[in-house]
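Morning, everyone. Please have the sequence and the model open, and follow along as I go from the whole chain to single residues.

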Amino acid sequence: MIMHSLTPQLRNSHYCFLPKFRNFSFSFPISHKFNFINPNFPQNSKTYPTFIVRNSSGSITAKPSSELRKKRGNDSDFCSDSDQKLGDLRELFSKPNINIDAYIIPSQDAHQSEFIAECYMRRAYISGFTGSAGTAVVTKDKAALWTDGRYFLQAEQQLSSSWILMRAGNMGVPTTSEWLNSVLAPGCRIGIDPFLFSSDAAEELKEAISKQKHELVYLYDCNLVDEVWKASRPKAPNKPIRLHDLKYAGLDVSSKLSSLRSELAGAGASAIVISMLDEVAWLLNLRGKDIPHSPVMYAYLIVEIDGAKLFTDNSKITSEVMEYLKNAGIDLCPYESILSEIESLAERGAGLWLDTSSINAAIVNTYRSACDKYFSGRGYQNEIERSNGESSGPYAVYRSSPISLAKAVKNDAELEGMRNSHLRDAAALAQFWSWLEEEILKDVVLTEVQVADKLLEFRSMQDGFLDTSFDTISGSGANGAIIHYKPEPGTCSILHADKLFLLDSGAQYHDGTTDVTRTVHFGEPSSRQRECFTRVLQGHIALDQAVFPENTPGFVLDAFARSALWKIGLDYRHGTGHGVGAALNVHEGPQSISFRFGNMTPLLKGMVVSNEPGYYEDHSFGIRIENLLFVKELDTPNNYGGHAYLGFEKLTFVPIQTKLIEVSLLSDAEINWVNDYHKQVWEKVSTLLDGSARQWLWNNTRPLVKP
């Protein structure tokens, strides 16, 4: 599945690809993982001038997102509904305690999550655009929405005439701040919810709009979209948090916390606040159900040298989890009390580790304000005195999260779980494709939604299945060209034997997370389709076979996957690979493989990444081939410069349709790759199948022969 291109709110050290977007054992101990600090991230500790913070935080609720996506009514009803929401929102601008000229609505929740609970889907609610990446900006007389190339077609279909679609990344398209600077008179007030912007994103925005003397206004007390949403806003989920078995986690919580505390001490910090939901889940070996597709729970975590506090809804804590937390020395606190605890840390003189690329502006500015209050009460003028390596008061340590990298580099147990879950997933996919081909041959009418539901049925029969890892992209014909297409009942297309069909899907299992894309044709593909498919396959093979020195960032490899397309003047508008969590988020940072070269994170042994080049002709067809890989060390004849050399090993074992391959374009080495891959697919997956599914696997793993 493609990770989104990062909006400014997500342009951080975790991922420079999302994203669908932000997009590092080595078999060494976790303490070594935690000791890795990317030299490209700022590591200095510093103080900041006074920020006035209105300190309040309401309880944040959540609900699975699948119910939000509903059939859109006729266009006139849709436009009327959109206009009404915009009118209600604009009425709030002039309230005395608000008094703004524009309001920015990002896609994220308070944790900078990609997938979010339905009650946080504020941008989708106000605009009608349901894609996972985008930013809405509403002024007193205009409304504009920015999204990336994966969603251009979807946004065209879903936005009413009241909205201006900004195709981010296209030449001449302004950024949100550039647009605001151009349409607003100088000296306007631009409002945001500071919980929904990372601190870095808020500071970047503040600086950009200051060019026209605009003021960035932090509205702590309410989110304006919530005020419009009112009683119809979804309620919070109430499903229990569960333990993640040690046989899948590989390291216990005590070991992880001990290593983290060593990192704190080494950095001169006494506490760290963790807000990324997958980081909280990974560190504590806990999993939740607060967000569709992602086994995480809404929570913050503060770890100190001598203790830890988990901020979440107490109703989700079972007696088993409560005992587990107690044994790990972790206190339970209300979710909404996070800001008061941040203030308490400053009052106690803590040195707080903050990753401002992911921690929201509300938390960071609350801590800065509390530090200023601490020193002003003691007669100091915003200056932190330090002597002999010890602080005389609270201070901040600004570094990237050490957990992001530790989580990305899988240990042996995590990799074993990923291998096993992928084989069971491959068996489910073989059963599905066998069924689908039989139905198409019988001329059974099937919609894209019915096909996606049937795949879910096959997957749900596999041991350890929990959920899909994202909404299945089931696109027939032209819908395959919508990169993050999601079919809807009543409006989706029917599968046709004479059209390409793209299926991008994945699953969450107790022991791993999967993500796989295949493109097939049930009839006779055109020569154009065969050539495009083959060139995508050549790029997939080139990346799969890449050998590279250690410390190579992912963007260096991106061109491998595009070269065959480039030779005939073709390309695709998304990155080539994203990180994947182990029984966690299907999109994970900090690593990526993308043409966006800002992410300097090296690919490290144990990381899992996707390999998914594609090609899309708008209003015609889409092609993508995706496997998951993990990085491993290779035994090369030489080690120039004393460096180790790395490569990839496949996790995904699902046949690639040979009917779509123009064999004459392939080299002998590429043919050998296809044949070797299909040999592995048969050997690894056939033992899990019987009957027609096993026969289908046999038929679809026969060797290619060059004419």
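Of the 707 residues in this protein, 61% count as buried. Keep in mind that this is a predicted model. The secondary structure comes to 20 helices and 29 strands.

Start with helix H19, residues 668–685, and helix H20, residues 691–699. Their axes come within 10 Å and cross at roughly 160°. How are the two helices oriented to each other? An angle over 145 degrees counts as roughly antiparallel, and therefore H19 and H20 are roughly antiparallel to each other. The crossing of H19 and H20 is left-handed. On the H19 side the contact is made by Val681, Trp682 and Val685, and on the H20 side by Arg694, Leu697 and Trp698. Sorted by type, the residues of the contact of H19 with H20 are five nonpolar, no polar and one charged.

The second pair is helix H9, residues 253–267, and helix H10, residues 277–284. These two pack at an angle of about 115°, with their axes 7 Å apart. Helix H9 brings Val253, Lys256, Leu257 and Leu260 to the contact, and H10 brings Trp282, Leu283 and Leu284. The residues of the contact of H9 with H10 divide into six nonpolar, no polar and one charged.

Now the buried residues. Go back to helix H19 and find Ile671. Is Ile671 buried or exposed? Its relative accessibility is 6%, and the cut-off for buried is under 20%, so Ile671 counts as buried. What does Ile671 touch, leaving out residues up to four places away in sequence? The answer is Val663, Leu666, Leu704 and Lys706. Ile671 and Pro703 are 32 residues apart in sequence, and their C-alpha atoms are 8.6 Å apart in space.

Next is Val273, in strand E8, which covers residues 271–274. Val273 has a relative accessible area of 4%, so it is buried. Leaving out residues up to four places away in sequence, Val273 touches Leu301, Ile302, Ile338, Ile342, Leu352, Trp353, Leu354, Ile359 and Ile363. Take Trp353 from that list. Along the sequence, Val273 and Trp353 are 80 residues apart, while from C-alpha to C-alpha they are 6.7 Å apart in space.

Tyr645 is in strand E29, residues 645–650. Its relative accessible area is 18%, and Tyr645 is buried. The residues that Tyr645 touches, again without those up to four places away in sequence, include Val547, Phe548, Pro549, Lys632 and Glu633.

Where is His574 placed? It is in the loop between helix H18 (558–566) and strand E23 (577–579). With a relative accessibility of 0%, His574 counts as buried. His574 and Gly614 are 40 residues apart in sequence and 8.6 Å apart in space, C-alpha to C-alpha.

Which two residues does the cis peptide bond join, with omega near 5°? The bond runs from Gly589 to Pro590. Pro590 lies in strand E24, residues 588–593.

Then there are two residues other than glycine with a positive phi. For Lys230, phi is near 55°, and for His293, phi is near 75°. Lys230 sits in the loop between helix H7 (224–229) and strand E7 (242–243). His293 sits in the loop between strand E9 (286–287) and strand E10 (300–304). Which of them is exposed, and which is buried? Lys230 has a relative accessible area of 62% and is exposed, whereas His293 has 7% and is buried.

That is the list. If you want a place to begin on your own, display Val273 with the residues it touches, including Leu301 and Trp353.

Note on methods. Residues are numbered from 1 along each chain as its sequence is written. This is a predicted model: local features need pLDDT of at least 70, side-chain atom pairs count only at pLDDT 80 or more; totals for chains, interfaces and linings use all residues. Side-chain values use heavy atoms; hydrogens and water are left out. Helices (H or I, at least four residues) and strands (E, at least two) are DSSP runs, numbered from the N terminus. Buried means under 20% relative accessible area, exposed over 50%, partly exposed in between (1.4 Å probe, protein chains only). Axes are lines fitted to C-alpha atoms, for helices over the stretch in contact, and angles run from 0 to 180 degrees between N-to-C directions. Angles under 35 degrees count as roughly parallel, over 145 as roughly antiparallel, 65 to 115 as roughly perpendicular and the rest as oblique. A crossing is left-handed if the near helix is turned anticlockwise from the far one by less than a right angle, and right-handed if clockwise. Contact means heavy atoms within 4.5 Å. Ala, Val, Leu, Ile, Met, Phe, Trp, Tyr, Cys and Pro count as nonpolar, Asp, Glu, Lys and Arg as charged, and the others, Gly among them, as polar.
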